[in-house]
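Student: I have a complex open on my screen and would like to go through it piece by piece. Can you take my questions as they come?

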Amino acid sequence: MKNNNLSPHELTADELSDARLFTPQPAQGAAAEQLSRPVVGYWKDALIRLSRNRIAVFALALIVFVALVGVVGPWFFPNTSDGTPYENSQNLNFINQGPTLGKPVLVIEDAPQFMDDKVDETYDFTAPLLKSGELTPPSAFAVVGQATVNGVTMSWNPVRGVSGYQIYRTVVSGQPISIEDVVTDAGMRGLQVATISNPAQTTYTDSSGLNPAEQYIYSVVAYVLDPNTQEETVSERAEALQASLVQTISLADAQALKADAQVGETIRGHAHLFGTDALGRDILARMITGTRIDFFLALLVPTVSLLIGLCYGAISGLMGGKVDMILMRIVEILDTLPELLLLILIQVALGKGVGSLVIALCAFSWTGYARVLRGEVLRLREIEFVHASRLLGAPLMSIIFRHVAPNLLGIIIVMWSAQIPRIITSEAFLSLFGLGVEAPMATWGTVLQDAAAHFQQYPAQFFLPASILAATLLAFYTLGDALRDAFDPKLRGRD
Amino acid sequence: MRLLRFILQRLFLAVITLLTLFTLTFFLMRAVPGDPLMRTKEIPEETRRNLEQRYGLDKPLHQQYFLQLSRIFIHGDFGTSFRTVGREVNDIIREQFPVSAGVGIVSVLIGVTTGIALGIIAALYRNSVIDRFAMFLCVAGISLPSFLFAFIFQYSLAVYPLTQLGFNPDTWLRPAGWGEPRDFIMPSITLSLGIIASITRMLKSQMIEVGFSEYVKTAKAKGVSLARLVVMHQIRNAILPIISIIFPILVFTMSGSLIIEGVFGIPGLGRAYMTSIQNSDYNVIMGLTVFFGGFLIIMNLITDILYGVIDPRIRVG
Amino acid sequence: MFFSKASGNMKSVIATAFASATLFVSMNAQAQQNTQADRRNNQEVFLNMGDEPPSMDPNKGVDSVSYFWLGHLFEGLMTTDKNGNIVPGAASNVAVSDSGKTYTFTIRPNAKWHDGKKVTAKDFEYAFQRLVDPAFASEYAFIAETAQIANAAEIIKKKKPVGELGAKATNDSTFVVKLENPVAFFKSLMAFQAFFPVRKDIVEKNGDKFATNVDTIIGNGPFKLVSWKKETSMRMEKASTYWNAAAIKLRAIEAPVMLKDVGAAFNNFRTGGLDMTGLDKERLETAQRERLQVKTYADGGVFFLEMNQRSGKLFENKKLRQALRTAISRREYISKVTGVPGDKPAFGLVPDYMPGVNRTYRQEAALNYRDGDIAGAKKLIKEYLAETKQSKVPPFSILAGDSPNAKKESEYLQALLKNVFGTDVKIDSVPFKTRLQKQRDGQFDIVSAGWGPDYLDAMTFMDLFMTTNGNNHGGYSNKAFDELITKAQRSGSMAERVKLFQEAEKMLVVTDSAIVPIIQRGRAYLLAEGLQGVRRNQVGQDPDFRFASWSGASAKK
């Protein structure tokens, strides 16, 4: 045998004869087998490789952070005046607001007081109706008191000889518009908010769907209705005014923020980092409380349906033949049964709640796993080690879990992490069928669904929660990929 | 010969599967609250009885079952809709399925080609900008609702060019409508996003796994060119699981999407299916379910045969 | 708006980017002349009805989409003019007997079907008989009972043969209808689609295929159907055979798309693909910022909370029902929750537009009470608790639909009622048919329900809450109420009926608080500028384009 330690040049005879060059090692016995480095098992190895992947560590940290905020966050929610949990507390003075650190708000009575419409008692109803050319709009059109988001009250002097008035409203933003346009051009007056059929009436309060971020131009015209033909004639010109709205807060809520708040005072309102929804609830708070349920579902449902799908797919693939045929036909039937009918039925049978939600979500996801995994098993079962194991008489379940499953780990982790986003979107979809969480409880899915209905009008309401969702999902994906790499021994030393 | 036997056997099983599907759906429909004659405004009792008689809903359940069974499986007649008076389910399928199928096939074509391309690039250039971008696209494609994309495309591809850039409405894409080749474009792109997302992700992971397998290493060592290595060795093996998802995706996409049809005004089957379920329109639900069932069975059969063709290691049957 | 406007520079870049794609697109697009300017010049209108009409058979049509088409394609004995007044239609003259029980219609000599045949009294006789025929089983058969046409009720119940219906053609031009009791609004009923004429020869020739395609729909109205692509588009054009064709200005009305999605229809309108489309609250401001013409109208529906008063149910107790009525603030509900300008508060069940003797019913029979009174409601609940010796109101649930709006509205109610009743309130949100089934079976505590009128008289709302009415889901039963309504049904005097209705309505809403009316629904829609004479109706075809026209031949743009 050649000694590898020898240098490449030829040894001289002298050197060869010098016995001192070679000292025999004493026999070391068991010590030769001693591992001088620490033992790294499969799991530990995976963990080490995972921790070397910086992006994966960051993703994991993000997931843990989001989960922690979900668990701990609600402890820090402000108290509400009536004791409802903050995330469910509605503030109708503050609906559909964009993100804010606290706007100035006017303190008002707890329930907004609506003025009764005033009527001119001296109005002369006997005056003959005016002809179309003679019609003039009412004069002295003005805002009464403070225009708030709860209502804009306007008043005018009535016109003799008319059937009533029409009030229009348009927004200042958008295509350029001026008061003069509204006065002269009927096409610019915008939306008709009221028809006042009593010509003696002198005030009107508009309160419908007001947006405090907007300035409005109101206009009023007089009209005459021919009693015989019901033909309507409207005055050509209008009277117009511009109003900007003040945001309000109820006294009770104000005092919760500032103990000595008084009606009529302007204080700094609540901060809503993500804004508020259509019922004035804080969106961030709803997202935070929703985290718990969503994480629970996102981790549980894919795992359960994966396990079912894996067993089913593996049995089908390994047994093959008739069993495979029948099992796959059952999947076919389940796949084509009208999903919506099944959902309705599950709802009728199990009612509302997290339990029926899990069942419904699993019921519709495991067949997908089963089909894909069966395909993979069909491929794997022809591989030698499975053959060998079979020949040695290993039971089916042991083949599945010892030989098949580990080889499917990559695809399983990818599918598992890919299902998480679907869970969150379908959780919201199921709530439409009475299968979701109980209202007003929030989940990410329901928050997004509520906002999606008007994402063009209030984009922040949708895109802020959506970006949190997307970031979390991206983290799950990245982590999933990293896990797959880490757990697959074949990919060792490749990063 | 073996393949032929396999196919015949599967076709025989298909009949049994369809019968089971029929039976389950029949009782499922009737177990769900509500019936076709239930309206927001209740139909007066006498008229209701007259209507039940007219539609044969007053017969005992087993009679209704066998009547419908023989009508569908012997005469091939799915009956008429309870909601749209005089509309035959066979006509609904004949007229509206090609529409959904057309849009579906185009979007699967777009989705699969783009998805495969992105998946391969993302796998070959891991952790590159393209990889990250593809990943982001996957997350967005799966997690954001499709109506969002539908509206974004409708606005940016049709409304904006037409109103702000002064494009000719006769030739440019219209926001909604059906009947011309241009009407395929926006719905197909929208529908393809989800497909791109699933395929990219799956293919990428498969490519990576295959990339470390012995035969790829061997091929590399032998000096096979990169192109040949990727195409002949990596892709061919990585694509197998993709096939198992492409056909379900195809069936799913061809059956029509409620949202896409609603936003782009497409007379497809997605709308018909949803409306039928909302209205407990028994004949339409049954017709569409059995039709899709048959369609899925055929597609699954093709999948299984293709498995054998692409991967000779797998024996069908 | 979600997309900010690009600057001029940006625009040209985008324009160039798009231009290359244009080439491809324009290759396969056929040149189609349908821009809004072309339509103005041709007096054509494009609109979106949202859906396929479920039935184009006048005797069968049950929804507003069907009625829109049928109302333009057919014309009843009576019809409405451009201001909504009831005027003779296919009949040139109507004579009423002194007893108010016999109506004699003279068919217009120049009334013609679209295929040129004369409209005869036989066509009406056939349609009326078909309507009540039990074998045909029209869902609107009951309207013949409402009209009190002699023997209608017995025929529907199969107690008399169809031939005995009290509506007969004495010759080709005379049609006589005999009533069991005088009906104050009979003339307006004769404008209703269920009473449109139907051609026997076409029905018999086509059987089940009648009114399912263009060839089998032949009307007698101002427009004729020229194309119907299922689920895709429909088009009707002015009929030269119509007796009053000179008054019809529009040449064609077309639904080029059937878009259920409001946002999609809005985008289509913005690009000039539609001349009219519905608008939801979410897009109101966007539309206004773009200075599009936004209009509102009352769609006729009244929405109310129905409480389950069956024995053993929580709201069997009158105090609790009154507490609910007292607590809800309609003003707040309308301005903050529904938020559609055009929604009006409903204190009574009968909406504002229903006619009375001289003015509207509501003006003649005012109904007002204090609402939004939380303290008052809590007081009533305290009384309830003292009476029943309980410390807390038992929990209850709100049955709700599955739409986003229904969800928002029920969550608002939930928070309010939780506070007022001091108990746990659940929301049972279920799919459409499940909700109907639960309503019918009485498996609810509170449900938000709505009702749209079938005809222009307060009766269409008031008879809902008679003990035997199938739509009385709450199970309200009060003999005195039933008697008042029965009396009104038999009375031909409007003045007497207004009094009876007023008393009954007060009993229903205030004293018994069987229901809590909340809103008279308003809706917003977009209308192209220059399109005039479009009428929105609560009863009858809506929208009504018969007297519409484009003013000014050239486009504004």
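Predicted model: local features only at pLDDT ≥ 70, side-chain atom pairs only at ≥ 80, totals over all residues.

Student: What confidence does chain C get?

Tutor: Its mean pLDDT is 89, and 93% of the residues of chain C reach 70 or more. Two stretches of chain C are under 50: residues 1-8 and residues 16-32. For residues 1-8 of chain C the model has nine contacts beyond four places in sequence. Residues 16-32 of chain C have 20 contacts beyond near neighbours in sequence.

Student: What are the scores for the model as a whole?

Tutor: The model scores ipTM 0.88 and pTM 0.88.

Student: Buried or exposed?

Tutor: N308(C) is buried, because 22 other C-beta atoms lie within 10 Å and the cut-off for buried is 20 or more.

Student: Which residues does N308(C) touch?

Tutor: Not counting residues up to four places away in sequence, N308(C) touches K313(C), F315(C), G442(C), F444(C), D445(C), G474(C) and G475(C). Separately, the C-alpha atoms of N308(C) and A514(C) are 8.6 Å apart, while 206 residues separate the two along the chain.

Student: Next, helix 12 of chain C. Which of its residues are buried?

Tutor: Helix 12 of chain C covers residues 330-338, and Y333(C), I334(C), S335(C), K336(C), V337(C) and T338(C) are buried there.

Student: What do they pack against?

Tutor: The buried residues of helix 12 of chain C pack against strand 13 (344-345), helix 15 (404-421) and strand 17 (515-527) of chain C. Just after helix 12 of chain C comes G339(C), with a positive phi of about 60°.

Student: Switching to chain B. How many helices and strands are there?

Tutor: Chain B has 12 helices and zero strands. The C-alpha trace of chain B spans about 85 × 65 × 30 Å along its principal axes. Chain B has 317 residues, of which 49% count as buried. Of the contacts in chain B between residues at least 6 apart in sequence, 72% join residues at least 24 apart.

Student: How many residues does the contact between chain B and chain C take?

Tutor: Chain B gives 55 residues and chain C gives 54 residues. On the chain B side, helix 2 (45-55), helix 4 (89-124), helix 6 (146-163) and helix 10 (258-264) each supply at least two residues. Helix 6 of chain B has the largest share, 10 residues. By type, the side of chain B that touches chain C divides into 25 nonpolar, 18 polar and 12 charged residues.

Student: And the contact with chain A?

Tutor: There the contact takes 44 residues from chain B and 40 residues from chain A. The largest share of the chain B side, nine residues, comes from helix 1 of chain B. The side of chain B that touches chain A divides into 31 nonpolar, nine polar and four charged residues.

Student: Last topic: the sheet in chain A with order 10-1-11. Which strands stand at the edges?

Tutor: Strand 10 (248-250) and strand 11 (266-268) of chain A are the edge strands; each has a single partner strand, so one side of each is left without a neighbour in the sheet. The sheet is open, with three strands and mixed pairing. Neighbouring strands of this sheet are turned by 50° against each other on average, direction ignored.

Student: In what sense do strand 1 and strand 10 of chain A pair?

Tutor: Strand 1 (residues 104-108) and strand 10 of chain A pair in the parallel sense, over three bridges. As one example, L106(A) has T248(A) in strand 10 of chain A as its bridge partner.

How values were computed. Residues numbered from 1 in each chain as written. Chains lettered and ligands numbered in written order. Helix = DSSP H or I, 4+ residues; strand = E, 2+ residues; numbered from the N terminus. Buried ≥ 20, exposed ≤ 12 C-beta atoms within 10 Å, placed from the backbone. Contact = placed C-beta atoms within 7 Å. pLDDT = per-residue confidence, 0-100. Nonpolar A, V, L, I, M, F, W, Y, C, P; charged D, E, K, R; others polar. Pairing = 2+ DSSP bridges. Axes fitted to C-alpha atoms, helices over the stretch in contact; angles between N-to-C directions.
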